[in-house]
Amino acid sequence: MKTYAIVCKQDPQSLSLSEKLKAQLNDILIYDEEHPEMVISVGGDGTMLYSVHKYMDQLERVAFIGIHTGTLGFLTDYQRDEYQQLIDDIRKGDYLIYERHLLEVKTKEEKYLALNEVRVENNRRSQVIDVYINDDFFETFRGNGLCVSTASGSTAYNKSLGGAVINSNAGLMQLSEIAGIHHNAYRSLGSPLILDKSHTIHLQSQSYQGAILGVDHLVIDLKDKDSIDIAMANQKARFLQYKRVPFTKRLKRAYLRS
Ligand code: NAD
């Protein structure tokens, strides 16, 4: 028997759904919060991000699946009224593994992995950042900040910044500006830039005072750090796919159908 764990949003609806799942799954799987092979995320996209981060050090063994209790779930395959179908699908065991690429971000002291994006944001003053790609100076950015998203994260913050939506298992990263300043004195590319794993992005600043480093739902104070390195990570997050929902269908469901 496989081991599993549930990561649940702490609202009454998600908690009750989680209990219903456990009541039936405990006949076919063993609940093991420390070392699960399957993690069921009950909540929304935020809960899925939290689930992936909770088991970030066990990515080789863990596979994720989500059931959402909110209004929109991009990283979750099942609606809350489909929980019986989820149990039946787990029982049948007919699944594919869908791999999502991650980003690795390093400051001098720390290292993080991101499923959606890494962003440097400063709402207190114009943030100046020298951008190097593969150690080659590319541009000086001025504005609120920069966002580097994965293909999975291209439908999240990146989309709000006017970035392109990218098929979610592509091994690509996208650099987008957050309120960039463009005039005769200050100029940066302006348009989102899509790069593959042969590229590294280095963000250098004389001062990150007042800026934060956002890594998915995590917020880290940049304070005295002066350099940030971003690249595609070697690790991937594995998602269980019982349902074959094409990417374009997912997009239509989330953004186009009323
Ligand atoms: P949250 O739970 O409030 O999530 C924010 C929104 O982003 C929700 O509507 C969620 O469904 C959606 N979302 C998250 N990941 C997604 C994805 N891969 N594709 C499509 N939609 C997605 O906030 P949180 O728990 O702190 O989640 C952090 C994420 O929220 C960040 O990774 C960022 O992408 C997103 N975010 C978006 C904006 C924006 O669009 N302006 C601002 C802040 C954060």
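Is Ser152 buried or exposed? Here are a few notes on this, and on some other places worth a look.

1. Ser152 is buried, at a relative accessible area of 3%; buried here means under 20%, exposed over 50% and partly exposed in between, with a 1.4 Å probe and protein chains only. Its place is in the loop between β10 (136-150) and α4 (157-160). Leaving aside residues up to four places away in sequence, Ser152 touches Arg100, Leu115, Asn116 and Ser168, where contact means heavy atoms within 4.5 Å.

2. Please keep in mind that this is a predicted model, in which local features need pLDDT of at least 70 and side-chain atom pairs count only at pLDDT 80 or more, while totals for chains, interfaces and linings use all residues. Residues are numbered from 1 along each chain as its sequence is written, and side-chain values use heavy atoms, with hydrogens and water left out.

3. Helix α1 covers residues 12-25, 14 residues in total, and reaches 20 Å from its first C-alpha to its last, close to the 20 Å expected at 1.5 Å a residue. That expected span is 1.5 Å times one less than the number of residues. Helices (H or I, at least four residues) and strands (E, at least two) are DSSP runs, numbered from the N terminus.

4. Which residues of α1 are buried? They are Ser14, Leu17, Ser18, Leu21 and Leu25. Seen down the axis of α1, these buried residues fall within an arc of 105°, so they line one face of the helix; the arc is that of the directions from the helix axis to the C-beta atoms. What covers them includes β1 (3-8), β3 (38-43), β4 (63-68) and α3 (83-92). On the face turned away from the buried side sit the exposed residues Pro12 and Ala23.

5. The domain assignment, automatic or from a database, gives domain 1 (3-95 + 242-256) and domain 2 (102-235). Their contact takes 11 residues from domain 1 and 16 residues from domain 2. The two domains bury about 1,100 Å² between them, 76% of it on carbon and sulfur atoms; buried area is the accessible area (1.4 Å probe) that two parts lose on being put together, summed over both. In domain 1, Leu49, His53 and Phe247 lose the most area to domain 2, together 46% of what that side buries.

6. Two backbone angles deserve a glance. Asn134, in the loop between β9 (127-133) and β10, has a positive phi near 50° without being a glycine. Ala179, in strand β11 (residues 172-180), also has a positive phi, of about 50°, although it is not a glycine.
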